[in-house]
Amino acid sequence: MTDGARGVPEQGPASLWRNRDYNLWWSGTVVSALGTSVSRLAFPLLMLAVTGSAAAAGVVGTCASAGLAAGLLPAGVAADRCSRRALLTGASLTRLATTGTVCWAVAAGHPWLPLVAVLALVQGLASAVFAGAAAPLVRRMVPRAQLRAAFARAEVRDHGAELAGAPLGGTLFALARWAPFLADALSYAAVAVAGLLIRTPLGPDPAERAARRPPLGRDLGAGLAYVRGVPFLRYTLVWSALMNLLFTGVAFMFVVALRHHGASSAQIGSAEGIATACGLGGALACGWVVRRVSGRRLVLLVSWMLVFGVAGLVPLAAWPWAAGLCLGASIVFVTPLNAVFGAAMVAAVPDALAARVLTSVNMAVQSCGWLAPVLCGALADAFGVTVPLLTITTGLTLLATANHLAPTAGQLDDISGAGTGAGAEAEDSAEAEDSAGTGSEAAEPAADADADAHEGTHTDIPKPHVKPPEPTGH
């Protein structure tokens, strides 16, 4: 008997290392994550070098984020209606083409801001398509009891790729400005091949495709309607959106502030590497932390650590390594928190609605973040690099204070640990969707209480990211 139509037996393999499809997907996304980390540092460095304006650098980041946010809801609907394998392949090849065009433009000496901005917008839209198709993949390839273990391994993967990618990106940019973009373009080919080689049916299943679908307008809102019915998902959506807005600004201002104080591209890459190493340490300790620290305590701890970490960047921006260590110390427990949130969400959502619900959450998270680069860049140009950092610190302080008053934060322990609470609410919500004619399945219970390890991947499902955020699906 399989887990719904997922194609994954309830009694899964003894170890994830023996799961061919998961390891193939994991390996492909390692390469993709490394390429993304390389180019993420190179984009603002390129625009700063070409235009000398932080606002211009912010425009590129804003276009990419806006494309992602605008495309997520339609992408979720497409992923629940059309072949997810075809969507994954097409989105990866589109991103290969756009990043390759940036590489060509830089190599030819014509990295015009309008061209790069348009390409960033297209790449954001393609990332949304990839995110929608990738959202249900892990639950199809991995048995329910191993979901948390799968999410923890992906956190290690992502932080390891970021640890290697930041200094590599700075070094490649110093050698040739086009080199980081070539590396990222090739990485998209790797994840496209991985998606094609997976044997597990990625869905939607034939019965789901043949089923009568609701009108497109109702389908677009089905994910958000489901989220409204589950308090945990509502809390995650709001908290993640606000945190992503603030920390997208941190990620951008980290590069701008260090550059303002005379740091080279290699030094900035090394500083980001130090911060990422701290996140990797948190990922390696993920299983130990989540077994000993409650979800609510993690939320409060991470919120206040970020306040002090970002505030510390103001006096330490002149010393890249010290700034990287300060930021890293503030995000060390983010990966365990991401794993707890991620496992709870993916277990609480039925497969028939998975892409729409998870992309709806991710859309809401990204809907605020796209403003951060251009706003922070404008503030930095007008008032200096200190003002946007202090503004972000104030916002983080207010959010950390509000977390003490949020009753839903306390439910995270039941949802991610005991497998109760959200599971029952999810079932009720799914039944309501069925009554309304949305064609959703009954929701499944949350993750088993005996699941040992915790795993998360910002490639496969949207999660609250308070580290420098990456579009879902790399």
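1. The side chains of aspartate 80 and arginine 84 meet in a salt bridge, with N and O 3.0 Å apart. A salt bridge is here a side-chain nitrogen of Lys or Arg within 4 Å of a carboxyl oxygen of Asp or Glu. Side chains of opposite charge can pair when their charged atoms come close. Aspartate 80 counts as buried because its relative accessibility is 2%, and arginine 84 is buried at 0%. The terms are defined by relative accessible area: buried is under 20%, exposed is over 50%, and partly exposed is in between (1.4 Å probe, protein chains only).

2. The model is a predicted one, in which local features need pLDDT of at least 70 and side-chain atom pairs count only at pLDDT 80 or more, while totals for chains, interfaces and linings use all residues. Residues are numbered from 1 along each chain as its sequence is written, and side-chain values use heavy atoms, with hydrogens and water left out.

3. Aspartate 80 also forms a salt bridge with arginine 356 (2.7 Å, N to O). Arginine 356 lies in helix H16 (residues 351-369) and aspartate 80 in helix H2, so the pair ties together parts that are 276 residues apart in sequence. Arginine 356 is buried as well, with a relative accessible area of 2%.

4. Arginine 20 is partly exposed at 36% relative accessible area, whereas aspartate 21 is buried at 7%.

5. The secondary structure comprises 20 helices and zero strands. Helices (H or I, at least four residues) and strands (E, at least two) are DSSP runs, numbered from the N terminus. Of the 474 residues of the protein, 59% count as buried. The accessible surface comes to about 16,300 Å², and 69% of that surface belongs to carbon and sulfur atoms. Such areas come from the Shrake-Rupley method with a 1.4 Å probe; for residues, only the protein chains shown count as cover.

6. Two packed helices are described by the angle between their axes and the distance between the axes. Helix H2 (residues 54-81) packs with helix H17 (residues 371-383) at an angle of about 175°, and their axes are 7 Å apart. H2 is therefore roughly antiparallel to H17. The contact involves Ala54, Ala55, Gly58, Val59, Gly61 and Thr62 of H2, together with Pro373, Val374, Gly377, Ala378, Ala380 and Asp381 of H17. The axes are lines fitted to C-alpha atoms, for helices over the stretch in contact, and angles run from 0 to 180 degrees between N-to-C directions. Angles under 35 degrees count as roughly parallel, over 145 as roughly antiparallel, 65 to 115 as roughly perpendicular and the rest as oblique. Contact means heavy atoms within 4.5 Å.

7. Of the contacts with a separation of 6 or more, 88% are between residues 24 or more positions apart. Not counting residues up to four places away in sequence, alanine 190 touches Gly28 and Val31. Alanine 190 is partly exposed, at 24% relative accessibility.

8. Where does histidine 110 lie? Histidine 110 is placed in the loop between helix H3 (84-107) and helix H4 (113-134), and is partly exposed at 36% relative accessible area. Histidine 110 and valine 50 are 60 residues apart in sequence, with their C-alpha atoms 9.7 Å apart. Leaving aside neighbours within four places in sequence, histidine 110 is in contact with Ala105 and Leu115.

9. Trp178, Leu182 and Leu186 form a nonpolar patch on the surface, with about 290 Å² of accessible area together. Patches are made of residues with over 30% relative accessible area and no salt bridge: like charges are joined within 9 Å, and nonpolar side chains (Val, Leu, Ile, Met, Phe, Trp, Tyr) within 5 Å. Leucine 186 is found in helix H7 (residues 179-197) and counts as exposed, at 56% relative accessibility.

10. Most residues other than glycine have a negative phi, and most peptide bonds are trans. The peptide bond from glycine 203 to proline 204 is cis, with omega near -5°. Proline 204 lies in the loop between H7 and helix H8 (206-210).
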